[in-house]
Amino acid sequence: MSDSPFIYGNTVSSEAFTNRKAEIKKLYNNLIQGINTMIISPRRWGKTSLVEKVVNNIKRKNKDHKTVIIDLFSVSSEKEFLETFAGEVIKVSSNKWEEWIDNSKNFFRQLIPKISFGIDPYSDFSLSFEWEELQKHSNEILNLPEVIAKKKNIRFIICLDEFQNTASYPGFLDFEKKMRAVWQRQKLVTYCLYGSKRHMMADIFNNPSKPFYRFGDIILLEKINTKDWISFIINSFAKTGKMIEKTDAAIIPKLMKNHPWYVQQLAHYTWNLTDQKATVEEIKKALEEVIYANTPFYQKEIETMSPTQINLLKAVASGKVQLTSTEVMQKYKLGTPRNVLKNKKILIKNDVIENTGNTINFLDPAFEIWFKKQFFNQSFEEQIWKKES
Ligand SMILES: Nc1ncnc2c1ncn2[C@@H]1O[C@H](COP(=O)(O)OP(=O)(O)OP(=O)(O)O)[C@@H](O)[C@H]1O
Ligand SMILES: [Mg+2]
(Lines give C-alpha, C1' and ligand atoms only; values in the text may rest on other atoms or scores of the structure.)
(Ligands and ions follow the chains in the order given, each with its own letter.)
Protein backbone atom coordinates (compact mmCIF):
# COMPACT_ATOMS: atom_id res chain seq x y z
CA MET A 1 0.00 0.00 0.00
CA SER A 2 1.34 3.43 -0.81
CA ASP A 3 1.65 6.20 1.73
CA SER A 4 -1.17 8.64 2.30
CA PRO A 5 -0.89 11.72 0.08
CA PHE A 6 -2.44 13.82 2.84
CA ILE A 7 -0.32 15.34 5.59
CA TYR A 8 -1.49 17.14 8.70
CA GLY A 9 1.04 16.53 11.45
CA ASN A 10 3.97 18.49 10.13
CA THR A 11 4.19 21.44 7.90
CA VAL A 12 3.72 20.83 4.22
CA SER A 13 6.03 22.59 1.84
CA SER A 14 6.51 20.28 -1.09
CA GLU A 15 4.36 17.20 -1.71
CA ALA A 16 1.10 17.89 0.05
CA PHE A 17 1.21 21.63 -0.52
CA THR A 18 -1.53 23.15 -2.61
CA ASN A 19 -2.28 26.50 -4.11
CA ARG A 20 -1.28 29.69 -2.22
CA LYS A 21 0.01 30.99 -5.56
CA ALA A 22 -0.72 34.64 -4.84
CA GLU A 23 0.69 34.44 -1.32
CA ILE A 24 3.85 32.68 -2.51
CA LYS A 25 4.45 35.34 -5.11
CA LYS A 26 3.83 38.18 -2.71
CA LEU A 27 6.01 36.80 0.08
CA TYR A 28 8.76 35.82 -2.35
CA ASN A 29 8.88 39.27 -3.94
CA ASN A 30 8.73 41.03 -0.58
CA LEU A 31 11.61 39.06 0.88
CA ILE A 32 13.78 39.39 -2.21
CA GLN A 33 13.07 43.11 -2.44
CA GLY A 34 13.90 43.78 1.17
CA ILE A 35 10.39 44.35 2.50
CA ASN A 36 9.95 43.03 6.02
CA THR A 37 6.80 40.91 6.19
CA MET A 38 4.58 39.73 9.01
CA ILE A 39 2.15 36.84 8.55
CA ILE A 40 -0.87 36.55 10.79
CA SER A 41 -3.60 33.90 10.79
CA PRO A 42 -5.41 31.62 13.25
CA ARG A 43 -3.72 28.37 14.22
CA ARG A 44 -2.96 25.77 11.59
CA TRP A 45 -3.94 27.67 8.53
CA GLY A 46 -0.50 27.28 6.95
CA LYS A 47 1.89 30.07 7.97
CA THR A 48 4.91 27.87 8.64
CA SER A 49 4.30 25.82 5.50
CA LEU A 50 4.05 28.94 3.36
CA VAL A 51 7.30 30.37 4.69
CA GLU A 52 9.12 27.03 4.20
CA LYS A 53 7.86 26.86 0.65
CA VAL A 54 9.01 30.39 -0.18
CA VAL A 55 12.37 29.92 1.53
CA ASN A 56 12.94 26.75 -0.50
CA ASN A 57 12.21 28.70 -3.68
CA ILE A 58 14.62 31.44 -2.63
CA LYS A 59 17.35 28.89 -1.86
CA ARG A 60 16.91 27.41 -5.31
CA LYS A 61 16.80 30.61 -7.28
CA ASN A 62 18.82 33.20 -5.38
CA LYS A 63 22.18 31.94 -4.30
CA ASP A 64 23.33 35.29 -2.96
CA HIS A 65 20.45 35.33 -0.45
CA LYS A 66 21.18 33.40 2.74
CA THR A 67 18.04 32.27 4.53
CA VAL A 68 17.54 31.49 8.19
CA ILE A 69 14.43 30.01 9.80
CA ILE A 70 14.29 30.00 13.58
CA ASP A 71 11.36 28.52 15.47
CA LEU A 72 11.07 30.49 18.70
CA PHE A 73 8.59 28.05 20.20
CA SER A 74 11.09 26.72 22.71
CA VAL A 75 13.37 29.75 22.94
CA SER A 76 12.37 31.18 26.26
CA SER A 77 14.63 34.11 27.12
CA GLU A 78 16.41 37.04 25.54
CA LYS A 79 19.77 35.34 26.14
CA GLU A 80 18.68 32.18 24.38
CA PHE A 81 17.20 34.24 21.57
CA LEU A 82 20.42 36.15 20.96
CA GLU A 83 22.59 33.04 21.12
CA THR A 84 20.36 31.14 18.72
CA PHE A 85 20.13 34.11 16.39
CA ALA A 86 23.93 34.54 16.30
CA GLY A 87 24.58 30.82 15.85
CA GLU A 88 22.13 30.41 12.99
CA VAL A 89 23.35 33.51 11.17
CA ILE A 90 26.96 32.32 11.40
CA LYS A 91 25.95 28.86 10.21
CA VAL A 92 24.30 29.95 6.99
CA SER A 93 27.02 32.47 6.19
CA SER A 94 29.36 29.72 5.04
CA ASN A 95 29.34 26.05 4.01
CA LYS A 96 32.54 25.29 5.90
CA TRP A 97 32.50 24.86 9.64
CA GLU A 98 36.09 26.04 9.90
CA GLU A 99 34.89 29.37 8.65
CA TRP A 100 32.19 29.47 11.31
CA ILE A 101 34.88 29.59 13.94
CA ASP A 102 36.73 32.39 12.19
CA ASN A 103 33.53 34.33 11.69
CA SER A 104 32.53 33.87 15.30
CA LYS A 105 35.80 35.44 16.31
CA ASN A 106 36.08 38.13 13.65
CA PHE A 107 32.64 39.60 13.47
CA PHE A 108 32.29 40.68 17.09
CA ARG A 109 33.96 43.75 18.56
CA GLN A 110 33.03 43.63 22.25
CA LEU A 111 31.50 40.23 22.70
CA ILE A 112 33.56 37.09 23.15
CA PRO A 113 31.60 34.03 22.15
CA LYS A 114 32.12 30.61 23.59
CA ILE A 115 31.96 28.19 20.70
CA SER A 116 30.88 24.60 21.10
CA PHE A 117 30.80 21.70 18.68
CA GLY A 118 29.37 18.24 18.92
CA ILE A 119 30.70 15.07 17.32
CA ASP A 120 29.34 16.20 13.99
CA PRO A 121 30.52 19.80 13.70
CA TYR A 122 27.77 20.58 11.19
CA SER A 123 24.85 19.65 13.39
CA ASP A 124 25.86 20.64 16.90
CA PHE A 125 27.42 24.05 16.52
CA SER A 126 26.38 26.69 19.01
CA LEU A 127 27.48 29.94 20.57
CA SER A 128 27.08 31.22 24.08
CA PHE A 129 27.90 34.48 25.83
CA GLU A 130 28.19 35.92 29.31
CA TRP A 131 24.78 37.37 30.14
CA GLU A 132 26.19 40.63 31.51
CA GLU A 133 28.22 41.27 28.41
CA LEU A 134 25.38 40.21 26.22
CA GLN A 135 23.03 42.72 27.82
CA LYS A 136 25.46 45.55 27.25
CA HIS A 137 26.26 44.65 23.66
CA SER A 138 23.18 42.87 22.33
CA ASN A 139 23.27 45.28 19.39
CA GLU A 140 26.29 43.44 18.08
CA ILE A 141 24.23 40.32 17.69
CA LEU A 142 21.12 41.99 16.39
CA ASN A 143 23.31 43.67 13.78
CA LEU A 144 25.46 40.62 13.01
CA PRO A 145 23.68 39.67 9.76
CA GLU A 146 24.11 43.18 8.36
CA VAL A 147 27.83 43.20 9.20
CA ILE A 148 28.42 39.78 7.65
CA ALA A 149 26.30 40.63 4.61
CA LYS A 150 28.33 43.74 3.89
CA LYS A 151 31.62 41.96 4.27
CA LYS A 152 30.71 38.98 2.14
CA ASN A 153 28.52 40.75 -0.37
CA ILE A 154 25.46 38.67 0.38
CA ARG A 155 21.96 39.29 1.75
CA PHE A 156 20.10 37.72 4.62
CA ILE A 157 16.48 36.74 4.94
CA ILE A 158 15.64 35.91 8.53
CA CYS A 159 12.36 34.18 9.35
CA LEU A 160 11.27 34.01 12.97
CA ASP A 161 8.41 31.60 13.66
CA GLU A 162 6.27 31.95 16.82
CA PHE A 163 7.60 35.47 17.13
CA GLN A 164 4.96 36.39 19.71
CA ASN A 165 6.88 34.19 22.18
CA THR A 166 9.42 37.00 22.58
CA ALA A 167 6.69 39.00 24.34
CA SER A 168 6.97 36.71 27.35
CA TYR A 169 10.70 37.34 27.88
CA PRO A 170 11.51 39.33 31.02
CA GLY A 171 12.46 42.82 29.88
CA PHE A 172 10.63 42.43 26.58
CA LEU A 173 9.63 46.08 26.32
CA ASP A 174 13.26 47.20 26.13
CA PHE A 175 14.27 44.30 23.96
CA GLU A 176 11.42 45.02 21.55
CA LYS A 177 12.63 48.60 21.14
CA LYS A 178 16.21 47.43 20.62
CA MET A 179 15.28 44.88 17.96
CA ARG A 180 13.23 47.39 16.07
CA ALA A 181 15.85 50.14 16.30
CA VAL A 182 18.67 47.92 14.99
CA TRP A 183 16.70 46.02 12.37
CA GLN A 184 15.07 49.00 10.73
CA ARG A 185 18.46 50.45 9.81
CA GLN A 186 19.63 47.29 8.09
CA LYS A 187 19.85 47.45 4.31
CA LEU A 188 20.93 43.90 3.53
CA VAL A 189 18.70 41.96 5.90
CA THR A 190 14.98 41.28 5.54
CA TYR A 191 12.75 39.87 8.25
CA CYS A 192 9.73 37.62 8.08
CA LEU A 193 7.93 37.43 11.42
CA TYR A 194 4.97 35.14 12.02
CA GLY A 195 3.28 33.17 14.74
CA SER A 196 0.22 31.33 15.85
CA LYS A 197 -1.12 33.59 18.59
CA ARG A 198 -3.02 35.85 16.27
CA HIS A 199 -4.08 38.43 18.81
CA MET A 200 -0.63 38.78 20.34
CA MET A 201 0.88 39.18 16.89
CA ALA A 202 -1.68 41.82 15.99
CA ASP A 203 -0.90 43.65 19.19
CA ILE A 204 2.83 43.72 18.42
CA PHE A 205 2.45 44.92 14.83
CA ASN A 206 -0.85 46.78 14.59
CA ASN A 207 -0.61 48.99 17.63
CA PRO A 208 0.54 52.55 16.80
CA SER A 209 2.09 52.97 20.22
CA LYS A 210 4.35 49.90 19.88
CA PRO A 211 7.86 49.85 18.35
CA PHE A 212 7.05 47.30 15.64
CA TYR A 213 4.15 49.31 14.26
CA ARG A 214 4.64 49.67 10.49
CA PHE A 215 7.78 47.56 10.52
CA GLY A 216 6.69 46.16 7.16
CA ASP A 217 3.94 44.51 5.18
CA ILE A 218 1.33 42.45 6.99
CA ILE A 219 -0.14 39.41 5.23
CA LEU A 220 -3.39 38.19 6.78
CA LEU A 221 -3.29 34.63 5.56
CA GLU A 222 -6.67 33.23 4.49
CA LYS A 223 -7.89 29.67 4.26
CA ILE A 224 -7.51 27.78 0.97
CA ASN A 225 -10.50 28.02 -1.35
CA THR A 226 -12.93 25.22 -2.13
CA LYS A 227 -12.03 24.82 -5.79
CA ASP A 228 -8.38 24.21 -4.97
CA TRP A 229 -9.19 21.75 -2.24
CA ILE A 230 -11.45 19.73 -4.54
CA SER A 231 -8.84 19.34 -7.26
CA PHE A 232 -6.12 18.67 -4.69
CA ILE A 233 -8.18 15.87 -3.13
CA ILE A 234 -9.19 14.31 -6.46
CA ASN A 235 -5.59 14.40 -7.75
CA SER A 236 -4.12 13.05 -4.54
CA PHE A 237 -6.51 10.08 -4.64
CA ALA A 238 -5.71 9.48 -8.32
CA LYS A 239 -1.97 9.70 -7.72
CA THR A 240 -2.17 6.81 -5.28
CA GLY A 241 -4.41 4.58 -7.39
CA LYS A 242 -7.70 5.46 -5.69
CA MET A 243 -10.67 7.50 -6.77
CA ILE A 244 -13.15 10.04 -5.48
CA GLU A 245 -15.91 11.78 -7.45
CA LYS A 246 -16.00 15.54 -7.53
CA THR A 247 -19.30 15.77 -5.63
CA ASP A 248 -17.91 13.59 -2.85
CA ALA A 249 -14.54 15.35 -2.75
CA ALA A 250 -16.45 18.61 -2.32
CA ILE A 251 -17.99 17.39 0.94
CA ILE A 252 -14.59 17.30 2.68
CA PRO A 253 -13.69 21.02 2.53
CA LYS A 254 -17.36 21.86 3.09
CA LEU A 255 -17.50 19.94 6.38
CA MET A 256 -14.17 21.34 7.53
CA LYS A 257 -14.99 24.86 6.33
CA ASN A 258 -11.81 24.88 4.20
CA HIS A 259 -9.60 24.77 7.31
CA PRO A 260 -6.24 23.52 5.92
CA TRP A 261 -5.21 21.22 8.77
CA TYR A 262 -8.64 19.63 9.11
CA VAL A 263 -9.24 19.23 5.39
CA GLN A 264 -5.99 17.27 5.17
CA GLN A 265 -6.95 15.22 8.20
CA LEU A 266 -10.45 14.33 6.99
CA ALA A 267 -9.09 13.59 3.51
CA HIS A 268 -6.45 11.34 5.06
CA TYR A 269 -8.94 9.29 7.08
CA THR A 270 -11.25 9.03 4.07
CA TRP A 271 -8.34 7.88 1.89
CA ASN A 272 -7.34 5.34 4.52
CA LEU A 273 -10.81 3.81 4.67
CA THR A 274 -11.09 3.64 0.90
CA ASP A 275 -10.24 0.53 -1.09
CA GLN A 276 -10.74 1.84 -4.55
CA LYS A 277 -13.42 4.46 -4.70
CA ALA A 278 -14.43 6.74 -1.84
CA THR A 279 -18.11 7.41 -1.23
CA VAL A 280 -20.11 9.35 1.33
CA GLU A 281 -19.99 6.28 3.55
CA GLU A 282 -16.21 6.50 3.90
CA ILE A 283 -16.40 10.24 4.54
CA LYS A 284 -19.00 9.68 7.27
CA LYS A 285 -16.78 7.16 9.01
CA ALA A 286 -13.73 9.35 8.52
CA LEU A 287 -15.48 12.29 10.16
CA GLU A 288 -16.21 10.17 13.21
CA GLU A 289 -12.55 9.20 13.35
CA VAL A 290 -11.39 12.80 13.08
CA ILE A 291 -13.66 13.87 15.91
CA TYR A 292 -12.69 10.87 17.99
CA ALA A 293 -8.96 11.48 17.47
CA ASN A 294 -9.26 15.11 18.53
CA THR A 295 -11.64 14.64 21.45
CA PRO A 296 -8.92 14.77 24.15
CA PHE A 297 -7.89 18.24 22.90
CA TYR A 298 -11.47 19.48 22.89
CA GLN A 299 -12.04 18.17 26.40
CA LYS A 300 -8.95 19.95 27.56
CA GLU A 301 -10.06 23.15 25.90
CA ILE A 302 -13.46 22.94 27.63
CA GLU A 303 -11.76 22.37 30.98
CA THR A 304 -10.07 25.77 30.71
CA MET A 305 -13.43 27.51 30.31
CA SER A 306 -15.76 28.83 32.99
CA PRO A 307 -19.42 27.69 33.07
CA THR A 308 -20.63 31.03 31.69
CA GLN A 309 -18.10 30.81 28.87
CA ILE A 310 -19.40 27.37 27.95
CA ASN A 311 -22.94 28.73 28.08
CA LEU A 312 -21.92 31.51 25.78
CA LEU A 313 -20.52 28.95 23.35
CA LYS A 314 -23.85 27.14 23.51
CA ALA A 315 -25.60 30.33 22.48
CA VAL A 316 -23.12 30.80 19.61
CA ALA A 317 -23.55 27.16 18.57
CA SER A 318 -27.30 27.80 18.39
CA GLY A 319 -26.70 30.65 15.98
CA LYS A 320 -27.38 33.47 18.44
CA VAL A 321 -25.75 36.79 17.67
CA GLN A 322 -27.44 39.25 20.02
CA LEU A 323 -25.77 37.80 23.07
CA THR A 324 -26.67 40.65 25.39
CA SER A 325 -30.39 40.55 24.61
CA THR A 326 -32.41 39.71 27.71
CA GLU A 327 -33.95 36.66 26.11
CA VAL A 328 -30.60 35.11 25.12
CA MET A 329 -28.93 35.96 28.43
CA GLN A 330 -31.73 34.27 30.35
CA LYS A 331 -32.18 31.25 28.14
CA TYR A 332 -28.47 30.40 28.13
CA LYS A 333 -27.67 31.64 31.64
CA LEU A 334 -24.97 34.03 30.49
CA GLY A 335 -24.82 36.23 33.61
CA THR A 336 -24.79 40.02 33.41
CA PRO A 337 -24.23 41.95 30.16
CA ARG A 338 -20.79 42.74 31.53
CA ASN A 339 -20.05 39.02 31.93
CA VAL A 340 -21.20 38.41 28.39
CA LEU A 341 -18.90 41.04 26.94
CA LYS A 342 -15.97 39.89 29.03
CA ASN A 343 -16.44 36.23 28.11
CA LYS A 344 -16.92 37.04 24.47
CA LYS A 345 -13.68 39.00 24.50
CA ILE A 346 -11.79 36.11 26.13
CA LEU A 347 -13.12 33.54 23.66
CA ILE A 348 -12.22 35.79 20.75
CA LYS A 349 -8.76 36.42 22.16
CA ASN A 350 -8.18 32.68 22.48
CA ASP A 351 -9.32 32.13 18.89
CA VAL A 352 -12.26 29.95 19.94
CA ILE A 353 -14.81 32.18 18.23
CA GLU A 354 -14.64 34.94 15.70
CA ASN A 355 -16.91 37.92 15.28
CA THR A 356 -17.03 39.09 11.69
CA GLY A 357 -19.66 41.55 10.54
CA ASN A 358 -22.86 40.42 12.19
CA THR A 359 -22.01 36.77 12.63
CA ILE A 360 -20.26 34.90 15.40
CA ASN A 361 -18.61 31.62 14.44
CA PHE A 362 -16.49 28.86 15.86
CA LEU A 363 -12.98 29.00 14.44
CA ASP A 364 -12.44 25.25 14.72
CA PRO A 365 -14.99 23.42 12.54
CA ALA A 366 -14.47 20.00 14.11
CA PHE A 367 -14.61 21.38 17.63
CA GLU A 368 -18.00 22.85 16.74
CA ILE A 369 -19.30 19.46 15.57
CA TRP A 370 -17.98 17.81 18.73
CA PHE A 371 -19.44 20.58 20.90
CA LYS A 372 -22.93 20.17 19.46
CA LYS A 373 -22.78 16.45 20.00
CA GLN A 374 -21.49 16.84 23.52
CA PHE A 375 -23.78 19.60 24.77
CA PHE A 376 -26.91 19.29 22.59
CA ASN A 377 -26.65 15.58 21.95
CA GLN A 378 -26.95 16.24 18.22
CA SER A 379 -25.69 13.26 16.27
CA PHE A 380 -23.57 13.80 13.18
CA GLU A 381 -26.51 12.50 11.22
CA GLU A 382 -28.80 15.32 12.25
CA GLN A 383 -26.09 18.00 12.34
CA ILE A 384 -24.72 17.30 8.92
CA TRP A 385 -25.96 14.50 6.75
CA LYS A 386 -29.66 15.29 7.04
CA LYS A 387 -28.89 18.87 6.10
CA GLU A 388 -26.75 17.69 3.19
CA SER A 389 -29.41 15.55 1.57
N1 LIG B 1 -0.71 25.20 1.24
C2 LIG B 1 -1.19 24.12 1.86
N3 LIG B 1 -1.63 23.06 1.15
C4 LIG B 1 -2.14 21.99 1.75
N5 LIG B 1 -2.21 21.84 3.07
C6 LIG B 1 -1.80 22.84 3.86
C7 LIG B 1 -1.25 24.03 3.29
N8 LIG B 1 -0.89 24.84 4.29
C9 LIG B 1 -1.20 24.20 5.44
N10 LIG B 1 -1.74 22.99 5.19
C11 LIG B 1 -2.22 22.01 6.19
O12 LIG B 1 -2.33 22.69 7.44
C13 LIG B 1 -1.43 22.11 8.39
C14 LIG B 1 -0.85 23.20 9.27
O15 LIG B 1 0.06 23.97 8.54
P16 LIG B 1 1.17 24.87 9.26
O17 LIG B 1 1.80 24.13 10.35
O18 LIG B 1 1.99 25.44 8.17
O19 LIG B 1 0.20 26.01 9.85
P20 LIG B 1 0.56 27.17 10.87
O21 LIG B 1 -0.36 28.30 10.51
O22 LIG B 1 2.01 27.44 10.89
O23 LIG B 1 0.11 26.49 12.24
P24 LIG B 1 0.44 26.98 13.74
O25 LIG B 1 -0.42 28.19 13.93
O26 LIG B 1 -0.02 25.83 14.60
O27 LIG B 1 1.89 27.28 13.81
C28 LIG B 1 -0.39 21.35 7.57
O29 LIG B 1 0.15 20.27 8.28
C30 LIG B 1 -1.24 20.87 6.40
O31 LIG B 1 -2.00 19.73 6.79
MG1 LIG C 1 3.38 27.39 12.47
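## Ground rules

Residues are numbered from 1 along each chain as its sequence is written, while chains are lettered from A and ligands numbered from 1 in the order in which they are written. The model is predicted: local features need pLDDT of at least 70, side-chain atom pairs count only at pLDDT 80 or more, and totals for chains, interfaces and linings use all residues.

## Domains

The protein is assigned domain 1 (21-220), domain 2 (225-304) and domain 3 (306-389). These bounds come from an automatic or database domain assignment. Between the C-alpha centres of domain 1 and domain 3 the distance is 39 Å.

## The shell around ligand 1

Ligand 1 is surrounded by 22 residues. A residue is near the ligand if its C-beta atom, placed from the backbone, lies within 6 Å of it. The closest are G46, T48, S49, S196 and Q264. By class, the shell holds 8 nonpolar, 10 polar and 4 charged residues. Ala, Val, Leu, Ile, Met, Phe, Trp, Tyr, Cys and Pro count as nonpolar; Asp, Glu, Lys and Arg count as charged; the others, Gly among them, count as polar.

Two helices, α2 (47-61) and α12 (260-273), each supply at least two residues of this shell. Helices (H or I, at least four residues) are DSSP runs, numbered from the N terminus. Domain 1 and domain 2 both give residues to the shell, so ligand 1 lies between them.

## Helices α1 and α2

Helix α1 (residues 21-32) packs on α2 at an angle of about 55°, with the axes 10 Å apart. Axes are lines fitted to C-alpha atoms, for helices over the stretch in contact, and angles run from 0 to 180 degrees between N-to-C directions. The two helices are therefore oblique to each other. Angles under 35 degrees count as roughly parallel, over 145 as roughly antiparallel, 65 to 115 as roughly perpendicular and the rest as oblique.

α1 passes α2 in a right-handed crossing, that is, with the near helix turned clockwise from the far one by less than a right angle. From α1, the contact uses E23, I24, L27, Y28, L31 and I32; from α2, L50, K53, V54, N57 and I58. Contact means C-beta atoms, placed from the backbone, within 7 Å. The contact of α1 with α2 has 8 nonpolar, 1 polar and 2 charged residues.

## Helix α11 and its partners

Helix α11 (residues 246-255) and α12 have axes that come within 8 Å and cross at roughly 140°. They are therefore oblique to each other. The crossing is right-handed. I252, P253 and L255 of α11 meet V263, L266, A267 and T270 of α12. This contact has 6 nonpolar residues, 1 polar and no charged.

α11 also packs with helix α13 (residues 280-303), at about 25° and with axes 10 Å apart. This pair is therefore roughly parallel. α11 passes α13 in a right-handed crossing. Here D248, I251, I252 and L255 of α11 meet V280, I283 and L287 of α13. The classes are 6 nonpolar, no polar and 1 charged.

Key
Contact = placed C-beta atoms within 7 Å.
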